[in-house]
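Trainee: I would like to go through the terms used for a structure of this kind. Please show it to me.

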Amino acid sequence: MNITDLLTAPDLDLIAAQARQETIKYFGRVIQLYAPLYLSNECENCCTYCGFNAGRRIKRITLNVEQAVAEARVLRKAGFRHILVLTGEARQSVPVSYLEQIIKRLKTIFVSISLEVYPLATEEYRTLIQAGVDGLTIYQETYDRQTYNRVHRFGPKKNYEWRLKTAERAAAAGMRRIGLGVLLGLHDWRDEAPALADHLNYLLKKYWRTQFQLSFPRINPVEAGFKVPYPVSDRELLHLIISFRLLFPQVGFVLSTREPARLRDKIFSFGITQMSAGSKTSPGGYALKTGGGEQFNIADGRGVPAVVAAIKKAGYEPIFKDWESVLK
Amino acid sequence: MKEDKLKIAGREFTSRLLLGTGKFASPKIMKAALAAAETAIVTVSLRRVDLKNPRDHILNNLDQKKYLLLPNTSGAKNAEEALRLARLSRSFGLPNWIKLEVTPDPRYLLPDPTETLSAAEQLVKEKFIVLPYINADPVLAKRLAEVGCAAVMPLGSPIGSAQGIKTRYHIEIIIEQATVPVIVDAGLGAPSHAAEALEMGADAVLVNTAIAAALNPVKMAEAFKLAVMAGRQAYLSGLITETKIAQASSPLHL
């Protein structure tokens, strides 16, 4: 079984049933819930598809520690025990020391903290793991170098190699969970999928202690009106999820609120193991209502109780805690 | 005839089927499956339960008068993490029994033998009743018994794989040499696999995925219960040995 065969499989229904069964066998009838916590939307990069891109005139905000804690309390109250901390790329205003300070505080509130921030060096990852981080999300966005170079107009993110090796630096530092993905829509997904599978296979062999995860984010354009060059249909998205599930039965898959409620409810059982709920993509979006610019528009705007209810209705148990603070 | 009970660390249990609590679609289904299995020992993942929350979904649905709660250290990648989880569990008033799992490889969840041995040694010193999850390694099983583990839990095949007992020959050696109960854990996908373990002389089995992920977990739990009883009774009744030649059912008496 290889990715190309799966992606060209004529009978999606047949492999869909297998994918669902594999997911239940390995992960059970459970969906783990998490929420994103945006700390900053300051950014030096010009990524043409992103709401935070340096060329856009939006309200730029970086939360201070107390503001971040206020946001965190809202999420904790909603039931979350796992969070994903996000920033743009602005080392001056969002240095590693700032992240370290905030993570130490957040660790008193949550059992699991993952990061989705600019790529760091191995030593820096070690510092943040020590502070309490156990997961990292780092999307290559596209494995096609030409496209990568084109959509990342300027800024430190232009360095393809540095970004590509990020997962390895984090794994070498001892990161427990690392999430990979491509931003679907930038380049032909039929080329991206084998590249992603190769990358993952390489990492699985070399860093066998690390738990790898995948996401399948589709570009969700902000109002700036980025024209998606290679749109991915709902059916194609599902086909991708199913194909990767059959290739990597033990790898967790994440589905965020980028996708609309109806679609999420319909497709999660074919391979998804983690979902976000009630998300805001601007710093201060939960408690402070700062009016800061968003990274992308949320498509599934349901509150946490509605997402929980939908998961239960499908015969799955939503779980908020699947980690323990004494595990590093 | 003396009643046939499973005995671990001086305590007797009426069932030889241990159940896991992960992967169920709801606490309600979990509860019903435990009841249908008539199990006596139930393992819970310390990373899944919220010890600080008195209304925790899993803990709140387990009647500790009915079941011995066997906390497990799933998620620990080395001895140190397993120790921390075990101590955390005891500090919150859970039983001092611990299912020791040290699995550095998150894909196949295969146990690390050296870390498991060193954690077991320390936990025994700290007066825990230790049941280690191990690969089917007879020497490791002996070493663990020597340091004071209350049972050993060799795997039939990787967790959740439903492949059955792929490690049969080594489990047979473990059973033959055992001075503590042998509980076959992991990989049992069908009641027949469980029956096979008991027929071989294993003292008990632990099942989770095959029940929780079944279409009807409650009925599957009952099926496992019956298989475990059948396997045990067959073992006690003296199974005939395999032979190459035919043995006539009605021998000729000439």
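Trainee: How many residues does the contact take from chain A and from chain B?

Mentor: The contact takes 27 residues from chain A and 31 residues from chain B, contact meaning heavy atoms within 4.5 Å. This is a predicted model, in which local features need pLDDT of at least 70, side-chain atom pairs count only at pLDDT 80 or more, and totals for chains, interfaces and linings use all residues. Residues are numbered from 1 along each chain as its sequence is written, chains are lettered from A and ligands numbered from 1 in the order in which they are written, and side-chain values use heavy atoms, with hydrogens and water left out.

Trainee: Why is the meeting of Glu81(B) and Arg176(A) called a salt bridge?

Mentor: A salt bridge needs a side-chain nitrogen of Lys or Arg within 4 Å of a carboxyl oxygen of Asp or Glu. For Arg176(A) and Glu81(B) the N to O distance is 2.8 Å, so the pair qualifies. Between chain A and chain B the count is four salt bridges.

Trainee: Which element gives the most to the side of chain A that touches chain B?

Mentor: Helix 2 of chain A does, with four residues; a helix is a DSSP run (H or I, at least four residues), numbered from the N terminus.

Note on methods:
Helices (H or I, at least four residues) and strands (E, at least two) are DSSP runs, numbered from the N terminus.
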